Amino acid sequence: MAEVTLRNVKKQFGDTAVIKGVDLDVSDGEFCVFVGPSGCGKSTLLRMIAGLEEISSGELKIGGQDMTMVAPADRGVAMVFQSYALYPHMTVEQNIGFGLRMTGHSKDEIAKRTKVATEMLQLDALLKRKPSQLSGGQRQRVAIGRAIVRQPKVFLFDEPLSNLDAALRVQMRIEIGKLHQDLKATMIYVTHDQVEAMTMADKIVVLHAGVIEQVGSPLELYHRPNNLFVAGFIGSPKMNFIKATASPSDEGKIAVTLPGGGLLSLNGGGAKLAANTPVTLGVRPEHLLIGAKGDASLPAKVRLAEYLGSESMFYASLADGSDISVKADGLAKAAAGSGLAIGVPAAACHLFDASGQAIVNGDLTK
Ligand SMILES: Nc1ncnc2c1ncn2[C@@H]1O[C@H](COP(=O)(O)OP(=O)(O)OP(=O)(O)O)[C@@H](O)[C@H]1O
Ligand SMILES: [Mg+2]
């Protein structure tokens, strides 16, 4: 068993607090993805789990064992970096076996484990090549191979695919997914890529300035963000945030007044509001409708239209001058400069209070 648990884990670099008290449970065999803006502490947290960075305070356990005083090599973890860090003078085979040679494994054992890893990663035909004779994707597979042969209980990946082109990223993403299924190891994976996070993760951890904003399955985070930060971070294109006012109305409903005067009635979910409370209405571009549809209408003026074939994106201005984007089907048309009625479906709406906490998270997943 190799669950990873962090309790009130903190990291200071000099006077600067970078990780400010993280509590997290990653179950045995789980694929856990860390996301968050640049500089929020993803790599630092991963490096602390790997033992490459000391923990300032708090507790880290892997497989139930306290890791504070355990050297990186003895933690049962293997890390794969964005830069592949292969030895240029060694062949693929030597690169993959290097760690095992250092730890004194027998030639037979090294050969056996290398064979399993290179077959899994389809590197068997490239064993005698040097890194300079490989493509980026092949190099990254060698780096992953080097981790696999160590038979770690926990794999740690720090943006392993960000040096690859789009097509290769998709292919490697699928390969890492398969690897996870085959090895059933615990994996913690840092990425900037929304699609990687949504498709690979059992559990996503959203980090922001050294604290966890929310932990949940990809769809929980998409449909039920706790706050404005998570709502804005998860999902691409980004959720629209519209300034509005909200008042309690009949039967636990909330009446929201939209820019342009439209009225929207939302299920309140028990929220207690004073009359005319300033709120932020959140609604994703893909949930908005073109034309007089939905439960309320937002008058807008189109600034830019993008026709992508599979979908059309419209960037428009609302009555209060704020921006909104709408993702519509590929046949939808609206010319720049023209007026546009945008339909708002109540079930897809989120409401955030002045402090950014979610009051309402729509009815799509109820
Ligand atoms: N050795 C160090 N000394 C001082 N500050 C550091 C050190 N390493 C990292 N930091 C700071 O800690 C913060 C978190 O860095 P970290 O590398 O963990 O971010 P990240 O979330 O991985 O960002 P990115 O997405 O850009 O890789 C940053 O503000 C960074 O400048
Ligand atoms: Mg990083």
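**Chat about a predicted model**

Modeller: One thing to start with: among contacts in the protein between residues at least 6 apart in sequence, 64% join residues at least 24 apart. Keep in mind that this is a predicted model.

Colleague: Okay. How many helices and strands does the protein have?

Modeller: The secondary structure comes to eight helices and 21 strands.

Colleague: And what share of the residues counts as buried?

Modeller: The protein has 366 residues, and 37% of them count as buried. Taken along the principal axes, the C-alpha atoms fill a box of roughly 75 × 45 × 35 Å.

Colleague: Switching to the ligand. Which residues surround ligand 1?

Modeller: Around ligand 1 you'll find Phe13, Val18, Gly36, Ser38, Gly39, Cys40, Gly41, Lys42, Ser43 and Thr44.

Colleague: Which helix gives the largest share of that shell?

Modeller: That's helix α1, residues 42–50, which supplies three residues of the shell around ligand 1.

Colleague: What's the shell like by class?

Modeller: Six residues around ligand 1 are polar, three are nonpolar and one is charged.

Colleague: New topic, helix packing. At what angle do α2 and α4 pack?

Modeller: About 35°, with the axes of α2 (residues 92–102) and α4 (residues 136–148) 7 Å apart.

Colleague: Is the crossing left-handed or right-handed?

Modeller: Right-handed, as α2 passes α4.

Colleague: Which residues make the contact?

Modeller: From α2 it's Val92, Asn95, Ile96 and Gly99, and from α4 it's Val142, Gly145 and Arg146. By class, the residues of the contact of α2 with α4 come out as three nonpolar, three polar and one charged.

Methods
Residues numbered from 1 in each chain as written. Chains lettered and ligands numbered in written order. Predicted model: local features only at pLDDT ≥ 70, side-chain atom pairs only at ≥ 80, totals over all residues. Near = placed C-beta within 6 Å. Helix = DSSP H or I, 4+ residues; strand = E, 2+ residues; numbered from the N terminus. Nonpolar A, V, L, I, M, F, W, Y, C, P; charged D, E, K, R; others polar. Axes fitted to C-alpha atoms, helices over the stretch in contact; angles between N-to-C directions. Left-handed = near helix turned anticlockwise from the far one by under 90°. Contact = placed C-beta atoms within 7 Å. Buried ≥ 20, exposed ≤ 12 C-beta atoms within 10 Å, placed from the backbone.
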